[in-house]
Structure formats: structure tokens, C-alpha cells
Amino acid sequence: MRAAIVEAPGEVSVTTVPDPTPGPREVVVSVASCGLCGTDLHILQGEFAPTLPIVPGHEFAGEIVGVGSEVTELAVGDRVAVDPSLHCHECRYCRSGRGNLCDRWAAIGVTVPGGAAEFAVAPVANCVRLPDHIDVRDAALIEPLSCAVRGYDVLNSTLGAEVLIYGSGTMGLMMLELAKRTGAAGVDVLDINPDRLATASLLGCSRSAATADELDRPGGWDIVIDATGNAGAIQDGLGRVAKGGTFLQFGVADYATTAVIEPYRIYNQEITITGSMAVLHSYERAAALFASGVLDPAVFISDRLPLEQYPQAIDQFKAGQGRKIVVQP
């Protein structure tokens, strides 16, 4: 089969690799679409993936074309979206229901071959059957949506909150959509990319701007979400949290990124700083939300490229062009 391969830091190509074979409790998925995200860039930089080479791609969906000997829940021909999370179920975090913090954390497309290929293997337990009205080529959006759902689980936000989101890429826009549906009084979005800001306005944000200084809110925002991973945005966002408010680090920063906090202000104003890591008990809910139409794929997916153009797709994503980019074998 054809697959994208990250051979070494900075080196990605599309080549032929052996077809996958399912284990007893695994299925083989014929990939319909695979999304690119910031994690893929980190893998390309030599971060996250414990060893290279690796077939990337943790946001994917497709049709089952093979099943293991002990699989009874799904059958060949079923269309599924795949939760990439692989937990050990043995460490203290897994046993306490925090599998996203697993000591042996692994994921399809990060530590084992993923969906940037014609076929991918997944545990049957990780597959969610899609209803008939869903276009499987759009269902790669379910995985990032499940991360956004996890983010809102962490926020545990209250009705009437004023929200500020840094970044209007795919994840920032998903956080916008969820904020609107979880009772926010207002949702402001910041981005230096005017095209992306225009999409945030299209989706109904309250206000949009290149910097928070352009918005008149001297007391700050109840909830500030960084969806960029950019050091400058993070630092600025930490200073925009209102008294009693919460800062959520949602964007994936480079390992070396740092920010300065003000301990007295955090204490005196009872500010919460928290993070959200990947997916946790949120994939099925994201699939249900997606099926209900919470996202418009035509808005979120800006580019669909053939698998053979995976290196070009990566370059386009690195350049910040478009929104969600998917490759389709």
C-alpha cells in the first residue's frame, strides 16, 4: 500500500509499505480521509513520536475492509471513525480514569502506524460506527472535535462567561463552536491571519481582532483559551484573565516554549491555569455532536489533497494556509 512516512526529523515522503494485518481484536480500515494537525508538525520535528520512521495520521476515518478473528462488534463494510488513543489500562492514571495521562501513553499515527496511508489498523474498541448520513470523508474532523470536547470538560465553564480564544485555526474554531453551545455570553477571537478571522466571524464570534488591545475589555475575560501554542499568544493570554477566571492551555507548544506567571496575581485574584491533553472519554460524544451537525465540514475543511501530495500538504499547513487540510488516498 502507499503511505506517508516521516523518515527522520524534517524528512517526509510517500512510499510503498507492506499491507497491514489485523490482530485478533483489530480491524483494517480503508482510509477515506486523514487530517493534518499541529501534532504532525511536532512529529516531523522529531518530537512526540518515540521512534522514527513512522506513518503519521491520527485523525482519520474510513471503511472496514478486514477484521481480526475475535471481532464481532463490527464487520467488513462498516464505516467508522477511529479514536487514536492507546492506553495501557494498568498504570495509576489509567486505573483512575485518566488514560490520556497514561505512563505508557501511545497513539495511532504517533507511536504506531497511522492513517496517512491507504489502510490502517485499529483496535475494534477504538472504532465508532458512523450513521448513514455522514460522509466518511468528513469524519476525520471527529478526532479534533473530541479534543475540543475534552477541553470543555476541563473548563467546566459556567453560563454567561466571557470567552477569549487565541487562534482561529481548526481547533480555535471548534472551541468557538462549543463555547457558543455551552452558554457563553460572548466569544471573542484573535488571530493575525485575516482569512482565518473572517471564518471566525462567519461562524458567529462576538468580535474578532489581531490583538486583544483592539478589544475594549479592561477587566479581562472569564475564560481565556490558547489554541495556538505560540509563546507570544500564551504570554499575552495569561495577562488577559479576569479575576476568578481560567486560562486553558489548549494549543500544543514546542517543548522549549516557556511563559512567565505572576504567582501573587494568581493567588490574589484566584486565577486558574490548566491544560487539556488529547482525548478522554470524549470521542463518542464528539461523534454524536458531529452527527448532529455541530460543525459544517464545508467550512472547516479548506483543502482536500491526494495522499501522494502529503509532503505538499505538510508545507501548506506549516505556512498557515487554509483551515483543516485532509489527505485522501
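Okay, a definition to start: helices here are DSSP runs of H or I with at least four residues, strands are runs of E with at least two, and both are numbered from the N terminus. With that in hand, α8 is followed by G293, whose phi is positive, near 95°.

Quick housekeeping. This is a predicted model, so to speak: local features need pLDDT of at least 70, side-chain atom pairs count only at pLDDT 80 or more, and totals for chains, interfaces and linings use all residues. Residues are numbered from 1 along each chain as its sequence is written, and side-chain values use heavy atoms, with hydrogens and water left out.

Let's stay with α8. Which of its residues are buried? Buried, by the way, is under 20% relative accessible area, exposed is over 50%, and partly exposed is in between, using a 1.4 Å probe and protein chains only. The answer is Y283, A286, A287 and F290. They sit on the same side of α8, because they cover an arc of only 100° around the axis; that arc is taken over the directions from the helix axis to the C-beta atoms. The cover over those residues includes β5, β9, α3 (142–155) and α9 (297–300), where contact means heavy atoms within 4.5 Å.

α8 also shows up in a pocket. The second largest pocket holds about 340 Å³ of space. It has 19 lining residues, and the closest to its centre are D83, S85, H87, H89 and H281. The elements giving two or more residues to that lining are β6 (85–86), β9 (127–129) and α8 (283–292). For the method: on a 1 Å grid over the protein atoms alone, a pocket is an open set of points where a 1.4 Å probe fits, with protein on both sides within 12 Å along at least five of seven lines, and lining residues have an atom within 4 Å of a point. Grid points are joined across faces, edges and corners, and the volume is the space filled by probe spheres set on the points.

Next up, α6, residues 231–238, where the buried ones are A233, I234, G237 and L238. Those fall within an arc of 130° seen down the axis, so they line one face of the helix. Among the elements covering them are β13 (221–226), β14 (241–249) and α7 (263–268). At the start of α6, a side-chain oxygen of N230 comes to within 2.9 Å of the backbone nitrogen of G232.

Now the strands. Two strands pair if DSSP finds at least two bridges between them. β1 (residues 2–8) and β2 are antiparallel over 6 bridges, with A8 opposite E11 in β2. Their hairpin has 2 residues between the strands, and G10 takes a positive phi there, near 85°. Further along, β3 (26–35) pairs antiparallel with β4 (59–67) over 8 bridges, and S33 stands opposite A61. β4 also pairs with β5 (79–82), antiparallel again, over 3 bridges; E63 has R79 as its bridge partner there.

T16 or T170: buried or exposed? T16, in β2, is exposed at 53% relative accessibility. Its side chain makes a polar contact of 2.9 Å with that of R2, polar contact being a pair of N or O atoms within 3.5 Å, one able to donate a hydrogen and the other to accept it, with sequence-adjacent residues counted only if both atoms are side-chain atoms. T170, in α4 (170–181), is buried at 9%. Beyond its neighbours within four places in sequence, T170 contacts F300, R323 and K324.
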